[in-house]
Amino acid sequence: MPDPDVSSNNPAHQNPPTTKWSHAPIAGPLASGTTPSLTLARSLDCTTDDLSKMPPFDLFTAQLDSDSTEARVDAMKKLALVGDAIGTEETLSKLIPYLTVNIAHNEKDDDDEILLLLAGQLGLMVPGLIPGHRAMSLLPILERLCSIEETVVRDKAVETINAIIPLLLPGGDYEPGMPFAMLLGMAKRLAGADWFTAKVSAAGILPATYAFWNAHGHGLEGADEARRELRVLFKDLSEDDTPMVRRSAARHLGRFVEAVAGMTETAEEVVRSGKPVGLPVVSEDNKRLVTFELVPIFQALSGDEQDSVRLLSVSCAGSLGCGMARNAGLTADLVLPVVRGGCADLSWRVRHHLAKVFSTVAGSMGYVGPKYVTRQTEVFQFFSGLLQDNEAEVRAAAVENIARMAQLGGAELFQTHIAPVLPTLADDLVMEVRSKLAQTLMDCCDPSICNTLTDDIILEEFKPLLENFLNDEFAEVQLHILTKLSRVSHLLGKMDVVVNSILQMAKAQNWRVREAVGRLLPFLAEARGVSFFEEHLLDPWMKIMSDQVADVRSACIDGMPKLLSVSGSAWIQQHILPHYTAMYEESTSYLTRITVLRSYAALAEKEGENENSLSVPLIEQIVNILLKGLKDRVANVRLISARGLGIVSISGQCDAAMLNGRIVPALTECLMSEEDPDCKYQCQLALEAKA
């Protein structure tokens, strides 16, 4: 459908009769000014010229009323655009009523693609086009879509409802009791429907509905009773005879627990943030509701005969723990037995789902301090069992949690229960397990994720594993180590085998491996000293600088500030720049000259948050070669030179005499004589950067 005219003023739409002119009088042309396609023109009962002048709303309804599936799909894809074109008032007074009557409540309309698009497009209208407090009229349409048999349509409708509900803030032109009564009524109708499709959707909207009542229903007459009814509805859904309904209840149990507890963060966010035990703060009333009403639901679903229900329920254990304010006594009695059963479940899918969220579950238990050492040890024993599971999918999922578990349990529990199984995992026959282990080991060395492991533990437990991973047959495993090995750069001086492996990998066939090595070499210089770099790393560095792949060469360019901070200006001038100058002079390819010029310019950039101090001779050498590149016969080289001079100008390393006496005149001359528009633009930017 052509883009509608955003400034058109459309007359009211009437349901089209069967005569040729079934639409309102034709207004101005469409905003896009494009000619409608022949397919679209043939699908509508009007000429192409008339079609190009048709108002947005009339064109939309004409397409939806046509027999062409292509035209109807095209119209629904642009529903939000039509709404923007006709404005908020006409959308609410004409477009939404039309959709309610002709699409959502049309029992004969079985086109699932149209309904899926409708559910998604309605969500795009709020709150940009339709303010949240006026979006209540969309809910009847979405409620109807929640009962559609096609799963993707229901899921999209639930997603849109959950996005709209928090925006239905009180303060709009609501009738008394609205929108609370409408939300409660919608939940009751869906949960009490005869067919399972509506019940599946009901479980999906109950958490958002309960959270809305919790947030805005205080002081409202009957609020406590309404919340009680919502909890009863969820309980009934969890006990439904249909497995699909119980599965939906299990999937949304975690969010419902968080809503009942009044939590503003998910359990995963609470645990990952490192908040102390006792947070989130949950009122005693809400904690009591979670303990006595929702824990039995959790226990029942976790023991369901269907493993598809159990796996979803068990993975909500973290939400139950946080919903009880991570009270160690309560979780030991009510949640830990379920976790114990999940780790030993005969279905590998249950163990797999639990393994994926195990660090969140463990962190939600509240086992902190000497008083709960026994419980925490038991949790780590469960985790160790998952790391040694017979199924590779379970092992891979558990491995991803190693860093978080190390942070939760500390060095002692890590060495007792996790470290002994690492060598076996490192030799796992399944590449995915080794790949994820390589990744999580490097996460253990990231202070923002785990700061409990000392350098001695890393050297003792990780060094042999890193050596094996760098020699792995799969590049993916190698890259997980190489790209993050800078996190332990201060320990590379004690890892001779690791360093030797890195040097050998500078010639790897996989260009991503060579790129990772190039980014790592400056850190090796920091760890082993510049003399080591000069003796062992300079040759690999120059080979990477000459690599055929641009991203590999860029690794050396990006590493120049780090190398400068490690070695100093004098060493760079004496040992690195002569090689670069020779490369530039002997180059037969403009790409080589570009690489050299970018490397020189990179010396004037910051190394992280620290600004390098360049000596005057080094600055002069940088400016000299950039000025030389400004006269190159290839426009791309001149462009890079101009950009480099701009970097030097704003670095603050260049004195006024050189800036005004050499750089500015050269850029001005190039700007006046340059024919290439991109080069002129870069010269202008460099001059403006100086100003």
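Guide: A definition to begin with: a residue counts as buried when its relative accessible area is under 20%, and as exposed when that area is over 50%. Also keep in mind that this is a predicted model.

Visitor: Which ones are they?

Guide: The buried residues of α28 are V477, Q478, L479, H480, I481 and L482.

Visitor: And what covers them?

Guide: The cover includes α26 (431–444), α27 (455–470), α29 and α30.

Visitor: You mentioned α29 and α30. What about K507, where is that?

Guide: K507 sits in the loop that runs between α29 (496–505) and α30 (511–528).

Visitor: Is K507 buried or exposed?

Guide: K507 has a relative accessible area of 65%, so it is exposed.

Visitor: What does K507 touch?

Guide: Leaving aside residues up to four places away in sequence, K507 touches R514 and K543. There is also a distance to V517, which is 10 residues from K507 along the chain: their C-alpha atoms are 9.5 Å apart.

Visitor: New topic: helix pairs. At what angle do α34 and α35 cross?

Guide: Two packed helices are described by the angle and the distance between their axes. For α34 (residues 590–602) and α35 (residues 616–629), the axes come within 10 Å and cross at roughly 145 degrees. The crossing of α34 and α35 is left-handed.

Visitor: Which residues meet there?

Guide: From α34 they are V596, L597 and Y600, and from α35 they are Q621, I622, I625, L626 and G629. By type, this contact of α34 with α35 has 6 nonpolar residues, 2 polar and no charged.

Visitor: Now rings. How many aromatic pairs are there?

Guide: The count is 13 aromatic pairs. One of them is W195 with F196: the ring centres are 5.2 Å apart and the planes are at 55 degrees, so this pair is tilted. W195 is exposed, with a relative accessible area of 52%.

Visitor: How are the rings of F533 and W541 placed?

Guide: The centres of F533 and W541 are 5.8 Å apart with the planes at 65 degrees, so the pair is edge-to-face. F533 is buried, at a relative accessible area of 0%, and W541 is buried with a value of 0%.

Visitor: Which residues form an aromatic cluster?

Guide: F57, F60 and Y98 form one.

Visitor: Last one: what lies over the face of F532?

Guide: R528 does, at 4.7 Å from the ring centre.

Technical notes. Residues numbered from 1 in each chain as written. Predicted model: local features only at pLDDT ≥ 70, side-chain atom pairs only at ≥ 80, totals over all residues. Heavy atoms only, no water. Helix = DSSP H or I, 4+ residues; strand = E, 2+ residues; numbered from the N terminus. Buried < 20%, exposed > 50% of the residue type's maximum accessible area, 1.4 Å probe, protein only. Contact = heavy atoms within 4.5 Å. Axes fitted to C-alpha atoms, helices over the stretch in contact; angles between N-to-C directions. Left-handed = near helix turned anticlockwise from the far one by under 90°. Nonpolar A, V, L, I, M, F, W, Y, C, P; charged D, E, K, R; others polar. Phe/Tyr/Trp six-rings, centres within 6.5 Å; stacked < 30°, edge-to-face > 60°. Lys NZ or Arg CZ within 6 Å of the ring centre and 35° of its normal.
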